[in-house]
Amino acid sequence: MNSPMQVILSVLAYSFCSGTLVLINKVLLHLLPFPSLVVVVQLWFAVLFIYGARCCKLLEVDPIKWEYVVPYLYYMVLFSGGVYCNMKSLQYSNVETVIVFRALAPAIVSVLDSMFLGREIPSLRSWFALSLIVAGALGYSWEDPQFQSQGLAAYFWPFLYLFVISLEMAYGKKVVKSVPLKTLSGPVLYTNLLGWPAMLGFAYFGGEYESFWEQLWVMDNARFPPGAVPLLLLGCAVGTGIGYSGWWCRSMVSATSFTLIGVMNKCLTILVNCLIWDQHANAKGIASLFLCLVGGSLYRQAPMRGGEKDLTAAEMKETTEGTSPTKTSTYTSPTITVTEKDPEIGKPLLDAQEKQNSS
């Protein structure tokens with residue numbers, strides 16, 4: 001059973017790493033405008049950190065097994081699809097649009113939570129909270145000039161992003177509940193090992209290799225931007241932290257709650273976007289967006305059906321092994337056989353046997 005303190009710590013750790021990584025990557029991409037390649041470096045750093053710590057006997061790491069690779073591979077397909085849809089959404093719309101559609105995801109994930117992950121239907125309070133999120137999103141859409149000028153054409157990729165991210169959130173919780181990895185390093189290792197090939201593919205289709213070569217090596221004023229290396233290393237460290245804190249938090253809360261935490265973390269992105277960059281919504285649009293965040297704060301996690309505990313696959317395995325019948329072993333003597341299965345009966349028999357032997 002997850003203690004409240006563990007839940008709070010996991011949420012705080014994930015929120016801190018998530019908000020910090022957004023800021024770091026936003027600044028880093030101004031120096032190194034190669035988003036997919038930057039993510040690849042961060043994924044490689046996490047893998048090297050895990051194996052390095054294991055070699056130094058600082059971390060225990062689950063072994064790579066094909067039976068575990070398959071479910072995480074499916075998860076990474078959804079994750080990579082979400083990243084691609086997110087990039088396309090940012091290309092054709094603004095940051096607030098992506099955030100609002102992300103804010104709609106909890107309503108969909110709550111249904112998936114109930115259908116496939118053993119949760120109860122959300123309470124009336126939670127449905128009201130989710131309704132506030134939907135109302136805020138609709139209010140924002142009305143104030144968005146791209147919606148007024150382009151209509152639904154500007155929202156194709158955000159709608160697709162919403163669909164993919166909802167499946168990813170629900171399936172990620174399913175992986176935690178079904179794959180019995182014993183360490184927190186296991187999910188981080190699997191996702192980072194399986195994630196970088198797709199990112200290299202995105203870099204190829206996005207023309208990042210040519211841009212990287214031209215800007216850093218071919219042009220007359222080509223040089224590696226000062227400050228990019230320490231910022232990249234800091235992003236790698238925080239990226240590894242978000243891997244650990246993200247899977248820790250996901251194991252502690254429901255899929256819907258984890259999705260909502262991600263929405264709350266976007267508040268920092270909104271503030272930075274309004275203060276620094278010029279591509280943001282008007283006052284009514286921002287107010288509608290904050291209505292989404294208010295709705296998220298009012299949500300309460302639905303309990304498991306039938307009073308069941310929300311355990312990970314590893315915890316369920318340990319519970320099953322701990323409650324399995326005790327194997328019977330026997331101690332034999334010429335006249336008496338004593339079993340360990342009932343120590344209260346066995347003890348006086350053993351005492352009588354010792355007295356007989358001593359006499």
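1. Ser166 lies in helix H7, where helices are DSSP runs of H or I with at least four residues, numbered from the N terminus. At 1% relative accessibility, Ser166 counts as buried (buried is under 20% relative accessible area, exposed over 50%, partly exposed in between, with a 1.4 Å probe and protein chains only). Leaving aside residues up to four places away in sequence, Ser166 touches Ala105, Ile108, Val109 and Leu112, contact being heavy atoms within 4.5 Å.

2. This is a predicted model, in which local features need pLDDT of at least 70 and side-chain atom pairs count only at pLDDT 80 or more, while totals for chains, interfaces and linings use all residues. Residues are numbered from 1 along each chain as its sequence is written, and side-chain values use heavy atoms, with hydrogens and water left out.

3. Helix H7 (residues 156-178) packs against helix H10 (residues 228-252) at an angle of about 80°, their axes being 10 Å apart; axes are lines fitted to C-alpha atoms, for helices over the stretch in contact, and angles run from 0 to 180 degrees between N-to-C directions. H7 and H10 are therefore roughly perpendicular to each other, a term that covers 65 to 115 degrees.

4. On the H7 side, Glu168, Met169, Gly172, Lys173 and Val176 meet Trp247, Arg250 and Ser251 of H10.

5. The structure holds 0 disulfides, a disulfide being a pair of cysteine sulfur atoms within 2.5 Å. For Cys55, the closest cysteine sulfur is that of Cys56, at 6.7 Å, which is too far for a bond. Cys55 is exposed, with a relative accessible area of 65%, whereas Cys292 is buried at 0%.

Technical notes:
Helices (H or I, at least four residues) and strands (E, at least two) are DSSP runs, numbered from the N terminus. Angles under 35 degrees count as roughly parallel, over 145 as roughly antiparallel, 65 to 115 as roughly perpendicular and the rest as oblique.
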